[in-house]
Structures are given as C-alpha cells and as structure tokens.
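Please read the following report alongside the sequence and the 3D structure.

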Amino acid sequence: MPAPEEALSAANVMISGHGGAQLNAYEALPAGDGPFGGVLVIHHLPGWDSGTKEITRRFAAHGYNAICPNLYARQGLDVDPDDAAAAAREAGGVPDEQFVGDAKGAIEALRALPTSNGKVGVIGYCSGGRHAFLTAVSLPVDAAVDCYGAFVTGTVPEGFPLKVKPIIDRTPRLNCPLLGLFGNEDHFPNREQVDELEAALKEAGKTYEFHRYDDAGHAFFSVDRTAYRPEAAVDGWQRIFDWFGRYLVEG
Amino acid sequence: MCSYLTVPTEIAGSAKGPQGWMSVTSASVYFDHPFHAPFDHTLNIDFADPDRGPGARVAVELSAESARRLVASINDALAAAGAAAR
C-alpha cells in the first residue's frame, strides 16, 4: 500500500449548500478503503484559489478526506475564482448564516463518503479562521483549527465593507477542541485580540491550544508571499496534524 | 493584515479583457492580499461592468510604490493635456 501522499485523487464535486444552493467544491481523497477522518478546508477572503486547493490536497496526502467548498459559488459556477472573489467582496462578503449552511452541506458530504470514519474537523485561514470558529460554535464537528482569523474578537473598524461582526459571545457554544495558530506581528488579529479569545475559552472551560509565533505576521503559511515564515509554518503544520490525529483518528 | 477597505468610484470608458473590449462603469480600489502578484499586499483596482456579471472585470494588482507612481503618471498626463483633459 503506497503512502497516502503517493496515491490520492482530487476533483471538483457538487454539494448542497445553504438554502439548497448547488456549490462546487474541491475534494481530495486518499486512496484505499479507510476509514479516514474528514477535514473541511475554508478558503480565505481572496477566494477558492490554487493555494487553498493545494492545502486541501495536503490533507489527503496525510490520510484525510478533505473538501473545500467554493463560498463564492453564487457568483456563478463557471466564474474564475479571482473574479468571484472580487464580486463577493464588492457585495459585502458572505453572510454568516449562508456560510454556516454551506459548511453544513460540506460536512454532510464528508460524512457521507464511504471511507469516512464519521469524524470531521474544520480548518480555515485568514477570514476562514473566523469561519472555522463559526463552524465550531454552530455545527457538530470533532476538532477545529483557527489560523489567524480576524474578528472572532475585537472591534470591526468603522466603514468596514464586509458584513462581519465579532462572535466571541458564542464561545460557550464551542462544541469541539480548538487549535489556534497566530503570528505575534499580526494586526488582524493582534495580540490583544488573541488574548481576548484565549480568556473567553478559559472562562468557558473549553479545550484549546494556542501557539503564537514571534517574527510572524498574518498569512505566515502562504508559501508564495513574503509573509511566509518557514519556522512558524513547519511547526504549525506539525501542530495541525497532531491535533487532527488526536481528535479525528484516535479513539 | 487584511485592510478589507474598498474605495469604489464610478468611471466611464472601456477596458480590454480576455473577451476583448468592453465598457466599464465602476472601479473598485483596495489595498489587500493579491490573487497573483508576489507581494503580501497590493493596491488592487478592478475595472468592471457589474451589470454584465463577475467575469466582466479587468484587474490589476500593484505594489504600493508602483501604485503611487501610477497616480503621479496619470496626473502628469492629464496636466500635460491641458484644456483637452478637463
């Protein structure tokens, strides 16, 4: 049996999202009968791009069924991801209720896979980090990873064009362990906002683990940007796979 | 960081995209993560005709420094044209 990274498949599939909308989603699956844990990958504000699809394949390469729905699919299924992102941005972003409905559809698709072990985790980057937290306080998932998600806490600046607001008050409803990965040089979220989230998790008695990296800012996982920080990213990936291994595979 | 802030403006003119020339009616200007340019953040301009759908867009992603140079070039060119550009 080859290692998962030597035998995986990836393709676009269709799933049902909020309100029964048909969304395209990028699905990456390890070869073999499983059973495998599932990972819902949430793309960042720039959209359903190649970098996020590469991340999705990375989970399959590590033995997880992974799916990344196109949160901007309502702009048109055949629209280029960058054009869809620009139009979604212009429209004020994705409403939280719509996102939760789309995430629910993606989670159901993961659990319905014949190789699923029934467990599903969620991970998101940038705006997707907030979405990962929103998923974990709204839907039944087994583990969550928030990579530098802004506006879980903090105050949304005046004149902000996206329809988002802090969701820290929902922390008591968090229904799974949360891993948080943050750069100490980030401004959104900044250190104080990460402190605020940690305090809320502690007060609510939730299982969580935070890792905060010096000399790293926003998007330190992005390999094609100057924000990339290999030390933080390599350690971060290790933490992610340890986390999902603990909650999606063991037990 | 994601600045998120978008500064839109109405425009009148045309732009050439993958489908050829088209009329454009709006320009969205924002400083945020690029889709393609190899920088953490860029000054992005979307020239678009929203009535024709998300694909009716010509996009540029410029480094902050080059965006400032572009602004100066535009102003210089308009000034040089004098009355004709008023």
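A:D215 counts as exposed because it has 11 C-beta neighbours inside 10 Å; a residue is called exposed if 12 or fewer other C-beta atoms lie within 10 Å of its own, buried if there are 20 or more, and partly exposed in between, with C-beta atoms placed from the backbone. The model is predicted, and local features need pLDDT of at least 70, side-chain atom pairs count only at pLDDT 80 or more, while totals for chains, interfaces and linings use all residues. Residues are numbered from 1 along each chain as its sequence is written, and chains are lettered from A and ligands numbered from 1 in the order in which they are written.

A:D215 is placed in the loop between β8 (208-213) and α6 (230-249) of chain A, where helices (H or I, at least four residues) and strands (E, at least two) are DSSP runs numbered from the N terminus. Not counting residues up to four places away in sequence, A:D215 touches A:E185 and A:R229, contact being defined as C-beta atoms, placed from the backbone, that lie within 7 Å. A:A232 is 17 residues from A:D215 in sequence, and the two are 8.6 Å apart in space, C-alpha to C-alpha.

In chain A, eight strands form an open sheet of mixed pairing, in the order β1-β2-β4-β3-β5-β6-β7-β8. β1 (8-16) and β8 of chain A stand at the edges with a single partner strand each, so one side of each is left without a neighbour in the sheet. From one strand to the next the twist averages 20°. Helix α4 (residues 127-138) of chain A lies across β3 (36-42), β5 (116-125), β6 (143-147) and β7 (178-183) of chain A, and runs at about 140° to β5(A); axes are lines fitted to C-alpha atoms, for helices over the stretch in contact, and angles run from 0 to 180 degrees between N-to-C directions.

Chain B has one helix and four strands, which follow the pattern β-β-β-β-α along the sequence. Its β1(B) and β2(B) form a hairpin with two residues between them.

| Strand | Partner strand | Bridges |
|---|---|---|
| β2 (residues 22-30) of chain A | β4 (residues 65-69) of chain A | four bridges |
| β1 (residues 6-17) of chain B | β2 (residues 20-32) of chain B | 10 bridges |
| β2(B) | β3 (residues 42-48) of chain B | seven bridges |

Individual bridges can be located as well: A:Y26 has A:C68 in β4(A) as its bridge partner, B:S14 is bridged to B:S23 in β2(B), and B:S26 to B:A48 in β3(B).

The largest nonpolar core has 79 residues, of which A:L40, A:V41 and A:A144 touch the most other members; such a core is a set of buried Ala, Val, Leu, Ile, Met, Phe, Trp, Tyr and Cys residues joined through C-beta atoms within 7 Å. Leaving aside neighbours within four places in sequence, the contacts of A:A144 include A:V122, A:F133, A:C176 and A:L178. In chain B, buried residues make up 26% of the 86 residues.

Finally, the contact between the chains takes 31 residues from chain A and 17 residues from chain B. Helix α2 (residues 81-90) of chain A gives the most to the side of chain A that touches chain B, with eight residues.

Conventions
Two residues are in contact if their C-beta atoms, placed from the backbone, lie within 7 Å. Two strands pair if DSSP finds at least two bridges between them.
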